[in-house]
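Trainee: Please take me through this model. I want to know what each term rests on.

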Amino acid sequence: MPEKHNINKSNTYTRKKLIGDSLKRNMIYGIIAIKGGVGKTTCTSNLAAVLANEFGKRVLVVDANFSAPNLGLHLGIVEPENTLHDVLNDKVQITDAIYQTEFGFDMIPSSLMNKKINPFKLKQKISMLRDSYDVILLDSSPNLNDEILATMVASDKLLVVSSPDFPTLSCTMQAVKTAKTKRTQIAGIILNRVHNKKFELSIDDVENAAETPVLAVVPNDIKVLEALSKSIPAALHTPLSDAIVEYKHLAACLINEKYEDSRFKSKLKKLFGGGKIRKHEVNRAVIRDGVKNRKI
Ligand SMILES: Nc1ncnc2c1ncn2[C@@H]1O[C@H](COP(=O)(O)OP(=O)(O)O)[C@@H](O)[C@H]1O
Ligand SMILES: [Mg+2]
C-alpha cells in the first residue's frame, strides 16, 4: 500500500469538487485533548486513513487547531490556496476549501498565518458537509479556549486522546469535564504512546479517574515518527504494525463493523490461548453490540 503514494508530494494535491450526496446521517467526531503532543493529529490522520482504505468510507479531516494548525503538514499539504479560516470569514465556500489528499480521504486545512476568526461558526459550516461524508474528523486545538469548545459543539461525539501518565490524565479529566458541560457525548479515550511498562497508569486507572471507557490502546511506535518524517499517515507506511491494527479495531467500532486481525502472529496468539481479551476490547464490543441492539 505505501508504494501507491508519492511521498514527494508538495503541491501534488488538488482541490476537491464534491459530487453526489447521500441522505444518510453521518458522524462528526472531534479528536480532543487539553494538551499538545499527545497524538491528536496523528490519531486523526491514521483513523482517516484506515476508515478510507480498510473500510472504504468517505472521510473528511478538518484542521480545527486554528492557532497552531499542523494536520496539513502531517499530510504534506503546505500553503493551500483556501483554508478553514477563509471559510469561517465567509471569503470562500466550504466546498472550495476541500483538498483531495493522496491517501484516500479529503481534508480542509487551516491557515498557518494567524487570521482572526470566529471558531463557533465551525458547527454550521461543517454541518453543510455532513451528507457528503460517512465520517468527518475534527482535529482540535489543545487550548482550553474557544477553539476547543468550537470543536466540542461541532461534534456529534468526541474521542479524547491521552497517554498513561499523571500529567496527561489530569488534562484528560479536565477535557471530559469540559465536554460534559457542552453536552457532547464522549465516545471514549484513545490511550496513545503506551510502552507497556509497570510504571505506566493502567487502563483501569485511566477509566476510573476519567469515568470514560478506553476504546483503544495504541503502542508507542517509532514507525509512527518515521511516517511523519515522510508526511504520510503511518497507516499507509506500516499498515500491519500493532499501532495501526489498533486503529483498525477502533475504526471498526466507530462505524459498527468488525475487523479481523489476520496477521500470523495474532492467529498464533489466539491458537495458543495467549489472546486474553483486554478491557478496551470489551468496551469496543459493548459499543458495537449496543448499536446492534438499538437497531433491532
Ligand atoms: N503511537 C505513537 N508512537 C510514537 N510516536 C507517536 C505516536 N503517536 C504520536 N506520536 C508522535 O508524537 C508527536 C506528537 O503527535 P501529534 O499527533 O502531533 O500530537 P498533538 O496533535 O496532540 O499535538 C509526533 O511526533 C507524532 O509522530
Ligand atoms: Mg496536533
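Mentor: First, the labels. Helices (H or I, at least four residues) and strands (E, at least two) are DSSP runs, numbered from the N terminus. The model is predicted: local features need pLDDT of at least 70, side-chain atom pairs count only at pLDDT 80 or more, and totals for chains, interfaces and linings use all residues. Residues are numbered from 1 along each chain as its sequence is written, while chains are lettered from A and ligands numbered from 1 in the order written.

Trainee: What stands out just after H6?

Mentor: Arg183 takes a positive phi of about 60 degrees there.

Trainee: What makes Leu112 partly exposed?

Mentor: Count other C-beta atoms, placed from the backbone, within 10 Å of the residue's own: 20 or more is buried, 12 or fewer exposed, in between partly exposed. Leu112 has 16, so it is partly exposed. Leu112 sits in the loop between strand S5 (106–108) and helix H4 (122–127).

Trainee: Which residues of H6 are buried?

Mentor: Thr168, Cys171, Thr172, Ala175, Val176 and Ala179. Seen down the axis of H6, they fall within an arc of 140 degrees (taken from the directions from axis to C-beta atoms), so they line one face. On the other side, Phe166, Pro167, Lys177 and Thr181 are exposed.
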